[in-house]
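Visitor: Could you walk me through this one? I'd like to start with the contacts and then move on to the strands.

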Amino acid sequence: MSTPTDEQQQGVWLTQEAHDRLRAELDQLVAGRPAMAAEINARREEGDLRENGGYHAAKDEQGKQEARIRQLEDLLRKARVGNAPTTATHAATGTVITIRFQGEEETEKFLLGSREIAGTTGLQVYSPESALGSAILGAAPGSTVTYQAPNGRDITVDVVAVEPFVP
């Protein structure tokens with residue numbers, strides 16, 4: 001049995017801009033349903049469905065669109081829309097984290113939040129559910145955390161800074 005993550009219990013944090021962008025995408029996909037149904041019907045009338053590539057392509061496209069509609073509806077239903085925290089003393093959803101991988105000189109800066117925000121910022125976005133994101137949740141600057149990468153390797157990072165996200 002899986003344990004619900006913090007994001008599943010509290011909902012996904014989104015900026016108003018990201019929420020509006022996703023709502024517009026959902027509205028556009030829903031509005032396109034009649035056109036997709038018409039396309040499938042037109043392809044169906046072309047003949048034998050076993051050899052009708054256009055029909056199968058249209059059905060595949062409809063399946064992808066319907067999956068994205070379900071994904072967006074679920075995301076928007078669970079979304080917590082609002083501003084990022086105005087102060088940040090520890091890594092939390094909606095904060096910008098600067099880390100340094102142990103053994104390296106350079107730092108990496110990213111936003112801890114929903115990947116759906118990625119379209120509204122130039123920052124790399126890590127989900128709190130990712131291996132790195134879940135490891136640093138709650139960490140303060142100066143902390144060292146180790147997490148297991150998907151390939152099974154342990155990776156240690158130093159949390160250099162935590163700051164509020166400014167869109």
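**Contacts, sheet and rings**

Guide: Among contacts in the protein chain (heavy atoms within 4.5 Å) between residues at least 6 apart in sequence, 55% join residues at least 24 apart. This is a predicted model, in which local features need pLDDT of at least 70 and side-chain atom pairs count only at pLDDT 80 or more, while totals for chains, interfaces and linings use all residues. Residues are numbered from 1 along each chain as its sequence is written, and side-chain values use heavy atoms, with hydrogens and water left out.

Visitor: OK, how many helices and strands does the protein chain have?

Guide: The protein chain has five helices and seven strands, taken as DSSP runs (helices H or I, at least four residues; strands E, at least two) and numbered from the N terminus.

Visitor: And in what order do the strands of the open sheet come?

Guide: Five strands form that open sheet in the order β5-β4-β3-β7-β6, with mixed pairing, where two strands pair if DSSP finds at least two bridges between them. β5 and β6 (144-148) stand at the edges with a single partner strand each, so one side of each has no neighbour in the sheet.

Visitor: How does β6 run against β7?

Guide: They run antiparallel and are joined by five bridges, β7 covering residues 154-164; Q148 stands opposite D154 in β7.

Visitor: Switching topic, how many aromatic pairs are there?

Guide: The structure holds one aromatic pair. The rings of F110 and Y126 have centres 4.6 Å apart and planes at 70°, so the pair is edge-to-face (centres within 6.5 Å; planes under 30 degrees apart are stacked, over 60 edge-to-face, the rest tilted).

Visitor: Is F110 buried or exposed?

Guide: F110 counts as buried, because its relative accessibility is 0% (buried is under 20% relative accessible area, exposed over 50%, partly exposed in between, with a 1.4 Å probe and protein chains only).

Note on methods:
Rings of Phe, Tyr and Trp (its six-membered ring) pair if their centres lie within 6.5 Å; planes under 30 degrees apart count as stacked, over 60 as edge-to-face and the rest as tilted.
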